Each structure stands twice: as structure tokens, then as C-alpha cells.
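Open the model in your viewer and keep the selection panel at hand. This tour goes from the whole chain down to single contacts.

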Amino acid sequence: MDEKRRFRNPDLARRIAEKISKLAPREKPVKICHVCGTHEWTITHFGIRNLLPQTVEVIAGPGCPVCIVPASEIDEAVKIAEKGITVTCFGDMLRVPGSTMSLLDAKANGADVRVVYSAGDAVKMAEKSPDREFVFFAIGFETTAPSTAVEILGNLPRNLSFLVSHRVIPPAMKLLAEMRDLNLNGFIAPGHVSTVIGLVPYEVFPQDYGLPTVVAGFEPLDVLFGVYAILKQIHEGRPRLENEYSRVVRREGNVKAQKLMKQVFSMADGKWRGLGTIASSKLALREEYAVYDAHTRHGVCIAEGVDSHSGCMCHLIIIGKSKPNECPLFLKACRPEKPVGACMVGIEGTCRIWAKTINRQSHVL
Ligand code: SF4
């Protein structure tokens, strides 16, 4: 049996669900937060919430890399594009709303905005057109930041600069842990990010916040086992960090990728859509690479933007305080083909995932 099928085995899923039911509290509910769009996809697509007892809730935190980019940084990219500079970005970023328009709107108005699949594609584009200025809008968590760092350390063409909007996950988890009204009881830590950063950055959650934390993979059994492990820790009264995804995640993470990030970026305070400013959560270009900073090269710096538009509840969806179907615009004014808020745009956005799978939630397991 291949690995995918092994971790999607319905009989095993039901057996873990039974164990979860036995450990689930009878009265006081347990709230577990994951912070990864791929986890939300797995949970929604495979109908995992349907397998959980009523007293066990799994909520989606800020795990969508395009959803959390604040409007002010999209406004900066739009402004740069409006100056006649070619802005390159991942396809998911095109439709994410800024304060007044998205990059797709700017493109429709005549700006040169191009989709790339990697920072390396932006480098190649810039090399092919040395007479044009290019900017790569670098977004994403610790999973994509190393690839931006590699390009910056390489032989960059003089006509390319970077609008760096990378964020790191653990500070956002800390913020959620400290939100008293969120009442979290545990974290499912993101598998992809953990392959890069390893386990150590999560130790703070059981140690300082008493929150069981389990790094989990992306197959249904991974997620179910993550939930089971958290409930077991709660039951034993012994919060700790566990690695359910040991087939991929090592304690030390990807040391080479960490070194690359440290070489190119320093930590800065950063805004997150829906979360405000989080201390030391943004990667900023180090002094020695300031020449590649699109802000200074193109004289653009926008401090404030409009993150939520009328009626949109993205600021609550991103922190798991609301569910997509609680938004009055969900699947009415806001749909995948015509999104109003950021969470309906990216493939890892909670609203988009719910919208795409809502009629199929319980068919797989
Ligand atoms: S359904 Fe649309 S408008 Fe409502 S929270 Fe989600 S993205 Fe925002």
C-alpha cells in the first residue's frame, strides 16, 4: 500500500476517532487550533470535523500565506506597478484585495503585473529584459523564504528588487495562545513549516502556556492522530511537544535553509491581516542587501491600509474566532470566482476551502 493510501485508511480513521471519543471531555469543550491552510484543506475535504465529538473543536488559525498579507503591503505593490515597474508575484496574490484595489485590478488598468512560480522565475524575467525594472513580491512563511534568500545570495540582475512580505509562524501562534477569549487548549503545528524550523521554536507552547502541541502531517490519519495526541496530553495533565510527522520533520529542521534565512533576513515587527502588528514576525532584508529593497529603490512605504471591507469577516476567520459560514457574504456576495475578502482568494484560505468543499465534506472518510 502506498503511503498516501496508508494514511487515508478509513478503518484506521474510524478507530482513531473512537479513541478520540473516549478521551473527549463530556462537558467542558476542547479547542484545538491548527495554523496551516493545508491542514484546513485535509480537515474539510475529508470531513474530519464530522468524525469528532461535539466537545472537540478544531479551528483554523492564520495559516494561509496570502490571506495574512496586510492591505498596506498590497497597496505598496500596486503603487510600484502603477509607476510602470513590472511586479511579479505568485498567482494567488493577484486577487488579494488591497485598500482600494488588487494587483489584478492594477493589471486591468494597464500595469505590468506578471505571475511567476518562484523567485527564480522573476530573476530569469529580469535578466531577459535588462531595460525594464522588475520587483518580486516575496510572500509566504518559512517554507518559501529560503528560496527568496537563495536568489538574493545569487547573481541578481541589477534591474530586480524585492518587496519582502515573508512572515514566520511561531510569533503568530504566541499571539493566539495569549488571546484569552480564544480559550485554546492545544496546537496542531504546521508540518511544512516544521520541516524548515524544526521542533525547538514550539517548545514554548507546552512550557510557558501549558498548551499541548503536536506537529502533524497532512493526511487524514496525521490530523486525527494529532487531535488524539493532544487529547491524551490533556487527559494526562502533561502538556508537551510531540512530533507526529517524524517521517518528514527532524528536531533540528532544515539547518541549511535556516542559515540562508538568517544570512539574508533579520527579524522585524510585522503587520498581519486581521491580527495587527506582531513583534518579530516579519523577515526584513539585512542592511547588506538593502540595495535590493523595493521600498527604498522605488520610494514606496505605506504604513496603513484597509484590511477588511464592508461586511467581510476575514479578520475573525484568520484567527479562528469565526467560521466562514458565519459570514453573511459567504457564498453570496463572496464566492471563489468573485472574492470579497482575502480568505476567499488563496487556495489555502479558509473561506475558499470551505466554499470549494462544502457539498462534499463527509464523503471521503
Ligand atoms: S466569506 Fe468572503 S467576505 Fe466573508 S470572511 Fe470569507 S473572504 Fe471575507
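**Whole protein.** Start with everything shown as cartoon. Bear in mind that this is a predicted model. The protein has 16 helices and eleven strands. Its radius of gyration is 21 Å, close to the 21 Å that the globule rule gives for 365 residues, so the protein is as compact as a globular protein of that length. Now show the C-alpha trace alone. Along its principal axes the trace spans about 65 × 45 × 45 Å.

**Domains.** Colour by domain next. Domain 1 takes residues 3–62 and 176–243. Domain 2 takes 71–168 plus 278–298. Domain 3 is 314–359.

**Domain 2 against domain 3.** Select both. Their C-alpha centres lie 25 Å apart. How many residues of each are in contact? Four residues of domain 2 touch six residues of domain 3. On the domain 2 side of this contact, two residues are nonpolar, two are charged and none is polar.

**Helix 7 and helix 8.** Select residues 119–128 for helix 7 and 145–153 for helix 8. The two helices pack with their axes 9 Å apart, at an angle of about 30°. Angles under 35 degrees count as roughly parallel. Helix 7 and helix 8 are therefore roughly parallel to each other. Show side chains at the contact. Helix 7 brings Ala119, Gly120 and Val123. Helix 8 answers with Ser147, Thr148 and Glu151. By class, this contact has two nonpolar, three polar and one charged residues.

**Ligand.** Which residues come nearest? Of the 14 residues around the ligand, they are Cys312, Cys327, Cys334, Gly341 and Cys351. The shell divides into 13 nonpolar residues, one polar and no charged.

Definitions and conventions:
Residues are numbered from 1 along each chain as its sequence is written. This is a predicted model: local features need pLDDT of at least 70, side-chain atom pairs count only at pLDDT 80 or more; totals for chains, interfaces and linings use all residues. Domain bounds come from an automatic or database domain assignment. Two residues are in contact if their C-beta atoms, placed from the backbone, lie within 7 Å. Ala, Val, Leu, Ile, Met, Phe, Trp, Tyr, Cys and Pro count as nonpolar, Asp, Glu, Lys and Arg as charged, and the others, Gly among them, as polar. Axes are lines fitted to C-alpha atoms, for helices over the stretch in contact, and angles run from 0 to 180 degrees between N-to-C directions. Helices (H or I, at least four residues) and strands (E, at least two) are DSSP runs, numbered from the N terminus. Angles under 35 degrees count as roughly parallel, over 145 as roughly antiparallel, 65 to 115 as roughly perpendicular and the rest as oblique. A residue is near a molecule or strand if its C-beta atom, placed from the backbone, lies within 6 Å of it. The radius of gyration is taken over C-alpha atoms; the globule rule is 2.2 Å times the number of residues to the power 0.38.
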